[in-house]
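Below are my notes on the model, as numbered points. Please read them alongside the coordinates.

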Amino acid sequence: MLKGKLFCSIYKTRKKTGMYLFVDRQKGLKELPEVLLNQFGPAVHVNDMILSPDRPLARADVQQVMDSIREQGFYLQMPPPPDEDLYLAAGHPDRPRTLDDD
């Protein structure tokens, strides 16, 4: 049936844009560590999908995601790093201050 594949559910958090939690669809969130759920915050279901080694994901290695779900019960996808050009642009609120800014 799903030999070599994995049916998963994907959740997002409102705490951090771009952070997603992948879990086995049959198990859902019920067996996840409480500390993870507390840090992740309220999980919002985004999608269900079948993971397959021959079908790549946009921001993660699909085999690594599948292995992580099978071994620890979840895969946590962190947000991408900020665009360095945007981050260093004048006026960006998180831009590191320099002596020239004063």
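1. The protein exposes about 7500 Å², and carbon and sulfur atoms supply 51% of that area. Accessible areas come from the Shrake-Rupley method with a 1.4 Å probe; for residues, only the protein chains shown count as cover. The model is predicted: local features need pLDDT of at least 70 and side-chain atom pairs count only at pLDDT 80 or more, while totals for chains, interfaces and linings use all residues. Residues are numbered from 1 along each chain as its sequence is written, and side-chain values use heavy atoms, with hydrogens and water left out.

2. Three helices and four strands are present, in the sequence order β-β-α-β-α-β-α. Both are DSSP runs numbered from the N terminus (helices H or I, at least four residues; strands E, at least two).

3. Of the 102 residues in the protein, 30% are buried (under 20% relative accessible area; exposed is over 50%, partly exposed in between; 1.4 Å probe, protein chains only). Among contacts with a separation of 6 or more, 55% join residues 24 or more positions apart (contact: heavy atoms within 4.5 Å).

4. There is one aromatic pair. Because Phe 22 lies in strand β2 (residues 20-24) and Tyr 75 in strand β4 (residues 74-77), the pair ties together parts 53 residues apart in sequence. Rings of Phe, Tyr and Trp (its six-membered ring) pair if their centres lie within 6.5 Å; planes under 30 degrees apart count as stacked, over 60 as edge-to-face and the rest as tilted. Phe 22 is buried at 5% relative accessibility, and Tyr 75 is buried at 14%.

5. Pro 81 sits in the loop between β4 and α3 (84-87) and is exposed, at 70% relative accessibility. Pro 81 and Gly 18 are 10.0 Å apart, C-alpha to C-alpha, and 63 residues apart in sequence.
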